[in-house]
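The following note sets out points on the fold and on selected local features. Please read it alongside the sequence and the coordinates.

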Amino acid sequence: APTATAGGRGVAVSATRSIPVSPRQRHLVLDVSELNIRDSGTGIQRVTRNLVRTLVSNPPTGWRVEPIAATRENEYRFARRFTSGLLGIETNLTDDGVEYAPGDLFVGVDLQPDSVPSHRGFFRRLQRAGVGVAFVVYDLLPIIAPENFYPGAAELYERWLATVREADALIAISQSVRDDVEQWLQTHPTAGQGPALGWFHLGADLDAVSADELQAADSARAASTTFLMVGTIEPRKRHRQVLNAFELLWDRGGTAELVIVGRRGWMMDDFIDRLRTHPRAGSLLHWFEDADDETLAGLYRSSAALVAASIGEGFGLPLIEASRFGLPIIARDLPVFREVAGDHAVYFSGDTPGDIAGALDEWLSRRSSGDVPVTAGMTWNTWQASADQLLRALRSALDGGR
């Protein structure tokens, strides 16, 4: 669990007059501002929801966990109605204003770059009062590859970074993202000490799959030529390149199937139209826009391999989900994918349809000779383990990781 540090830049936030605690515990305050407004059920909202539920349900010893929320126009307040809904309980608690004491810790587990800069003064007041301030960093992709995001996203993210860089600690969701943050800080120097850096890995609370189930899944997919993509349909995921690659295979008489699971993202309207009107839609091409957990689990069990073609990720949860079902992985050669999957995946590089088509042909050839890396041995966190890892990273950073 986090511990306080000397010098007034120690650890978290919150005290409440409506629920007095005696003696007062230190407070770990979690920013859920975006999740409090909307929950898309995917991406960062999914991560925030799981981390917050885990920490509220099983708080670190000696700490009281309190979600809080703000908007660009409104100050931070306790988010007790939200928390009650998250836990499925009824309560008459009110969303009172936030109070704090030395030794508390604020952690921005949610991402809301539109409003965080508006509360810069709030974060500075916390620090002057001896409250630690930390933010989780999911990625720097809007800055690293702005062409894959809507206009203005890079500028919005830069303003967010200019604010959170004044925190006591920035904790990334992978070592790769931590390295990106460190590089950005080095190329954007300012006066002062700067934040301590750390990293942790995300989790996945997946039911255990028995050896018999894994063996049955392996047998079912032995002759499968169905390849699975999982993730929001957005430019950096490279759905266009993958579909173009399959069209090359289909034009050569191939019968491999492409299954895409993911909701519509941004800047992809033309691709969505292409999916819906494609001449092979429903036969060799399938799109599941709102697949439930049971459907997705079935696809993980029956597909030949997961194709992770994204050119940039903060972590890569589909790789973890694939490993749970023993599904082989074909991934773009990204540092973060190697960090997550290690030697349990086949990697490819290149930006043309032919590069992916060649990688698929090579993978099928390797499978026929029994030379495909297995994923069943990959290690991954539960959400409890992820939350524990986050707390350790915070403690290390705040206790002198500078």
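1. A contact is defined here as heavy atoms within 4.5 Å. Of the contacts in the chain with a separation of 6 or more, 75% are accounted for by residues 24 or more positions apart.

2. The model is predicted, so that local features need pLDDT of at least 70 and side-chain atom pairs count only at pLDDT 80 or more, whereas totals for chains, interfaces and linings use all residues. Residues are numbered from 1 along each chain as its sequence is written, and side-chain values use heavy atoms, with hydrogens and water left out.

3. The chain holds 15 helices and 13 strands; these are DSSP runs numbered from the N terminus, helices being H or I with at least four residues and strands E with at least two. The C-alpha trace spans about 70 × 45 × 35 Å along its principal axes. For 402 residues a compact globule would have a radius of gyration near 21 Å, and the chain, at 23 Å, agrees with this. That radius is taken over C-alpha atoms, and the globule rule is 2.2 Å times the number of residues to the power 0.38.

4. Buried residues make up 52% of the 402 residues in the chain. Buried means under 20% relative accessible area, exposed over 50%, and partly exposed in between (1.4 Å probe, protein chains only).

5. Seven strands form an open sheet with mixed pairing, in the order β3-β2-β1-β4-β5-β6-β7; two strands pair if DSSP finds at least two bridges between them. Because β3 (77-78) and β7 (196-199) stand at the edges with a single partner strand each, one side of each is left without a neighbour in the sheet. β2 and β3 run antiparallel and are joined by two bridges, and alanine 69 stands opposite arginine 77 in β3.

6. Helix α2 and helix α3 (residues 80-87) pack at an angle of about 90 degrees, with their axes 11 Å apart. α2 is therefore roughly perpendicular to α3; angles of 65 to 115 degrees count as roughly perpendicular, under 35 as roughly parallel, over 145 as roughly antiparallel and the rest as oblique. Axes are lines fitted to C-alpha atoms, for helices over the stretch in contact, and angles run from 0 to 180 degrees between N-to-C directions. The contact is made by Arg49, Val52, Arg53, Val56 and Ser57 of α2 and by Thr83, Leu86 and Leu87 of α3.

7. Threonine 54 lies in helix α2 (residues 43-57). Threonine 54 is buried, at a relative accessible area of 12%. Neighbours within four places in sequence aside, threonine 54 is in contact with Trp383, Gln384 and Ala387.

8. Proline 59 is found in the loop between α2 and β2 (63-69) and is partly exposed, at 34% relative accessibility. Proline 59 and leucine 28 are 31 residues apart in sequence, with a C-alpha to C-alpha distance of 8.7 Å.
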